[in-house]
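User: Can you walk me through this one? I'd like to start with strand pairing.

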There are 2 protein chains.
Amino acid sequence: MKNIQSILLFFAIISGLLVHAQTDEDVLKTIYKTSLTQGESYNWLNHLSNQIGSRLSGSLGAERAVAYTKEELDKLGLDKVWLQPVMVPKWVRGAKEYAYIETTPGKTNTVNICALGGSVATPALGIKAQVVEVKSFEELETLGTEKIEGKIVFFNRPMQPDLISTFDAYGGCVNQRYQGAVEASKYGAVGVIVRSMNLRLDDLPHTGSMTYGDLPVEKRIPSAAISTNDAEVLSTMLELNKNIKLYFKTNCKKLKDVQSYNVIGEITGSQFPDKYMIVGGHLDSWDLGDGSHDDGAGVVQSMEVLRLLKTIGVKPKHSIRVVLFMNEENGLRGGNKYAEVAKQNGENHVLALESDAGGFTPRGFSFDCNDANFNQVLSWQNLFKPYLIHYFEKGGSGADVGPLKNDRIVLAGLRPDSQRYFDHHHASNDTFDAINKRELELGAATMTALIYLFDKYGTK
Amino acid sequence: MKNIQSILLFFAIISGLLVHAQTDEDVLKTIYKTSLTQGESYNWLNHLSNQIGSRLSGSLGAERAVAYTKEELDKLGLDKVWLQPVMVPKWVRGAKEYAYIETTPGKTNTVNICALGGSVATPALGIKAQVVEVKSFEELETLGTEKIEGKIVFFNRPMQPDLISTFDAYGGCVNQRYQGAVEASKYGAVGVIVRSMNLRLDDLPHTGSMTYGDLPVEKRIPSAAISTNDAEVLSTMLELNKNIKLYFKTNCKKLKDVQSYNVIGEITGSQFPDKYMIVGGHLDSWDLGDGSHDDGAGVVQSMEVLRLLKTIGVKPKHSIRVVLFMNEENGLRGGNKYAEVAKQNGENHVLALESDAGGFTPRGFSFDCNDANFNQVLSWQNLFKPYLIHYFEKGGSGADVGPLKNDRIVLAGLRPDSQRYFDHHHASNDTFDAINKRELELGAATMTALIYLFDKYGTK
């Protein structure tokens, strides 16, 4: 008996030593290998995209996605899985939009548009009016009420192609989409058409959120995006004849808020159960495609982080949570709710990592944190080099984790290659066929590696 | 008069100073901006892919591609443009291949195959035989003649998914395709079927070159690639019943060598006209797709290097040549011919850069050069950082520039992101729709930047 106990003890010590003998290099190698050879992220995304589809807040798709991801997290053997209630806005597109350019009465040229998320619909018979093309709000102001009243304002400032990060190019344009209706309404415009946020020339309109700010109901004008090809056509036609008219009809509607949920899973920490590190993406998507890149990819990668940690036998010191946020696209209610509840419960969040920039080849991370934490990250650069992860910069993190910001937390965002992202963003071609399995899996592994290192060494 | 001369002289000096005042940072910025906003590479590739199509050596497509690229180079106002004659092999696929698995007589399951480049055809009625699946040549040897004679050898070692560079995974498998017939023939096999070199599971067979070495004619057995999905099916069926048979019929043929050309353009150097720096890709492609990634991308990027230098007003010190090589895929005759003529003419080549790894987002370069040159490259790393170009490693360069190797020349290869490359490589989906304009243009700019720096600072 004693001998057997000794032998068991011996093996226990040896295996303990073996675990400890694993270098960070070894662990990262195991993480990447497991993701690339036994990954679940691609299968999960296949289901989310092809069996459920688009997941706009308040839709049946969003509801089914909550149920599906909770069910999958339940299977992982985490310490806790739960739904966090959050009321979300419900906006529906209704019947497909229709639009044409009328050069002379009766002579029309159909163009591809889609209502912007949150927009009011046109009257039942649509709107037909002359068009004023502008590239900026300053140009709008210069034209003033006299030139704009009764017309449709066409915001046509393209994304700047010489910016290397397409997110920078997006940042330089998206105020036209988000704020365009408020600005155009000031001068009596009857509608807004925005050039799609897309660096390519193609036929797909790209939706996205817009605001009416505090405009009274009667000042809220219908707003739609037009494909980049058709933006070029419209602009050229206006150059030839500024009296041409645009007709458009949209059928969207804002309904009452509905009940929805953030989906949360947790591995409770072995040493610091009260210190939380979270990893997440957003479960909702726009309604035109199936939201594979935005942000189905981020959802399944975040789930995969916890699955990989368990699969390779890492027992984290901190509590690691996956948070699948609801309603990033048109309200950020999920992100706000999570931060609100965390505050109520006095939970100490030390790190929050978001993946919401597409499922493309990961290049690195951007960080919103203090110098001590950032320098710690820089000390890990060589660990990531074999995986071609080279981008570690200060900068933004992610919309959903933003509400957690304080002066101690490490906020981070995965930064995949951005070149193709806006080819698909918020459009009908944000679909599963645009996902490369390896790229998705490399992203999941890269996130897991960062979480592993921060858990092991702690935040500063 | 004197005053006017003084004024002219003054402006000449000032403008000279302004050019000199341009930092390397400025020039690289101009290079990238010009490629991304006024690039020609995408238009050229559109023509090459969609108006000409596949360009297998000796085909009409290859001939038209020679004429087209020469014509386009002629328009650029280079100092010289010429065709360099080279005899190339001509192999034709003939009618589409056909294959099925026969589980019991009369019960068949069609599978997707394509003949490997250079293979002999099956007899007119095809081949039907039992199948022996192996993962390696060692396994083949162990089985020996007794188990292999009269059967079809099925090489089914998959690309290793946990290697980060897909080229490494390719390197670990491609001997099955290239050398499989020679090895299987030793033991009396009647045919060879090779799992496609593809990391994805899909229905597309991927062709590529194979050899018979010095096998006598009667020992040359027909060889074909099978799609990865069908490789899985075949393997599973063999597990269930090792007596199943495979039928396949191919219709390919080797014809006599035909006349073709490398296409060459030159900007003659202002200070060192006898020192040559070349940039190139290969004009030929396999016949199943249109060769957009392999290597239409490299062709148009290489042309773009010279166009960009001229467009932004760089007058190189060294002679810079674009070389569009013929017959990389099944013979390397173009690469060998170029090196042979260079030697005959006593031309001093100091640098050769190839782009032949797809038109995806560029990550950097690999180099085959001495330490002094490599260290010089490393000193330029920060110049490339704004463009997310981070990969500078010693390693291979490109097949076409290989024959120029000596102990002084800098050989280099552009290294784009490799994750999607083998999804398309040598298959019917290597087509223009798989090209992203920005990724292609970033590659062209990155190559131009390297050539600019090497021309300015010289090789060591």
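User: How do S14(B) and S15(B) pair, and over how many bridges?

Analyst: This is a predicted model. In it, strand S14 (residues 362-368) of chain B pairs with S15(B) in the parallel sense, over four bridges.

User: Which residue is the bridge partner of Phe365(B) in S15(B)?

Analyst: Phe392(B).

User: What packs on the sheet there, touching S14 and S15?

Analyst: Helix H11 (residues 371-379) of chain B. H11(B) also touches strand S16 (410-416) of chain B. The direction of H11(B) makes about 170° with that of S15(B).

User: Zoom out. What is the strand order in the sheet?

Analyst: S1-S10-S12-S11-S13-S16-S14-S15, in chain B. That is eight strands in an open sheet with mixed pairing. Strand S1 (80-92) and strand S15 (391-394) of chain B are the edges, each pairing on one side only. Ignoring direction, neighbouring strands are turned by 20° against each other on average.

User: And H14(B), which strands does that helix lie across?

Analyst: Helix H14 (residues 437-457) of chain B lies across strands S11 (272-282), S12 (318-325), S13 (348-354), S14 and S16 of chain B. H14(B) runs at about 40° to S14(B).

User: New topic: H2(B). Which of its residues are buried?

Analyst: Asp24(B), Val27(B), Leu28(B), Ile31(B), Tyr32(B), Thr34(B), Ser35(B) and Leu36(B).

User: What covers them?

Analyst: The cover includes helix H9 (292-311), helix H12 (381-384) and H14 of chain B.

User: What span should H2(B) have, and how far apart are its end C-alpha atoms?

Analyst: Helix H2 (residues 24-38) of chain B has 15 residues, so at 1.5 Å a residue it should span 21 Å. Its end C-alpha atoms are 20 Å apart, which agrees.

Methods
Residues numbered from 1 in each chain as written. Chains lettered and ligands numbered in written order. Predicted model: local features only at pLDDT ≥ 70, side-chain atom pairs only at ≥ 80, totals over all residues. Heavy atoms only, no water. Pairing = 2+ DSSP bridges. Helix = DSSP H or I, 4+ residues; strand = E, 2+ residues; numbered from the N terminus. Axes fitted to C-alpha atoms, helices over the stretch in contact; angles between N-to-C directions. Contact = heavy atoms within 4.5 Å. Expected span 1.5 Å × (residues − 1). Buried < 20%, exposed > 50% of the residue type's maximum accessible area, 1.4 Å probe, protein only.
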